[in-house]
Amino acid sequence: SAALAAATERVRAGTLSPADARHLFDELLQRPTPVPGQALNGFLAALARAPASAACGDSPALAVSLFNRLCREASPHASPLTVHTYSILMDCCCRARRPDLGLAFFGRLLRTGLRTDGVDAYALIKCFCLAKRTDEAVSVLLHRLSELGCVPDALSYSVVLKVLCDDSRSQRALDLLRMMSKEGGVCAPNVVPYSTVIHGFCKEGKVSKACDLFNKMGQQGVKPNVVTYTSIIDALCKARAMDKAESFLRHMVDNDVRPNNVTYKCIIQGYSSLGLWNEAVKIFREMTSRGLMLDDVTRNSFVASLCNHGRSKEAAEIAHQMIESETTVSN
DNA sequence: TTAGGGTTAG
């Protein structure tokens, strides 16, 4: 257990190589005592989310191979593998972009006869979603989970909503969102699932549906955040409805949701694409007055557009502020 | 009740 804890620390520090890990397992599996399950799970969980490092380029894959070795070599009477271990492994497979392997692990879990009521609904559903098996993900969420004795949580819904929206099936996502919030729904949606579906409608060009849902969430007492507002504002800008976009901007400020550089960027680009340079510059000034900056690429193209349309004075102003802010940063 | 996992702009 001490050895596993030390190895877990090294995983977090990015200094544990695959060879080190294999040596560790050589030792653990030769000992007469069972591998301590909790420390093992902690170690695998650390590997599952370790970024690539010089010592180990693909930690999730390493976790999968170590797990396979445990299945082969660990004494069945002292098996440290629990439903929790399988959850970590399925998560690993998702991170390694091998959802097919994750589903195979789930199949193995079912065959072991371990209790399934602790199955990690989120990891399982994410495997189906990443494998592009969207309809099965929906079916697991709505039917299969209860057969396994588990309850879907808000995150499980969230990942399914996202994949439906990615598939341009936002209306179906809205149906699921309604199921979450209806009486007896297992988990009331917060701002994230609402924002996901709102963004889905926006991407499909159904801005009025997005606005309807925006109003609905307010009625349900869920407060939109900067992400929610920015999605709608961007969609309105792309639909050339700049007056409505600005009214959402005022609405958010009035409700103490601070617009960020993404919000302003959408509006500036909206006005720019319509050739409304005065309005674009006005929004830019509002943005800088709040201490916000455009990213380099957007700012450079904004300056260039202004120059190309005979607005060199405004272009100079923006370039000047850019130099000033760089001076401030370096001081 | 062993860990940590969902949303926006480009």
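Reader: How many positive and negative side chains does chain A have, and how far apart do the centres of the two sets lie?

Author: Chain A carries 39 positive and 33 negative side chains, with the two centres 3 Å apart. Lys and Arg count as positive, Asp and Glu as negative, while His and the chain ends are not counted; the charge is placed at NZ of Lys, CZ of Arg, CG of Asp or CD of Glu. Please keep in mind that this is a predicted model, in which local features need pLDDT of at least 70 and side-chain atom pairs count only at pLDDT 80 or more, whereas totals for chains, interfaces and linings use all residues. Residues are numbered from 1 along each chain as its sequence is written, chains are lettered from A and ligands numbered from 1 in the order in which they are written, and side-chain values use heavy atoms, with hydrogens and water left out.

Reader: What makes up the secondary structure of chain A?

Author: Chain A has 18 helices and 0 strands. Both are DSSP runs numbered from the N terminus: H or I of at least four residues for helices, E of at least two for strands.

Reader: Why is Ser 195 called buried?

Author: Buried means under 20% relative accessible area, exposed over 50%, and partly exposed in between (1.4 Å probe, protein chains only). Ser 195 has 9%, so Ser 195 is buried. Ser 195 sits in helix H11 (residues 191-203). Beyond its neighbours within four places in sequence, Ser 195 is in contact (heavy atoms within 4.5 Å) with Asn 225 and Thr 228.

Reader: And Leu 306, why does that residue count as buried?

Author: Its relative accessibility is 0%, so Leu 306 counts as buried too. Leu 306 belongs to helix H17 (residues 296-308). Leaving aside neighbours within four places in sequence, its contacts include Trp 277, Val 281 and Ile 318. Ala 280 lies 26 residues away in sequence and 9.8 Å away in space, C-alpha to C-alpha.

Reader: Which residues touch the most other members of the largest nonpolar core?

Author: Among the 110 residues of that core, they are Phe 43, Leu 124, Ile 125, Val 160, Val 197 and Phe 302. Such a core is a set of buried Ala, Val, Leu, Ile, Met, Phe, Trp, Tyr and Cys residues joined through side-chain atoms within 4.5 Å.
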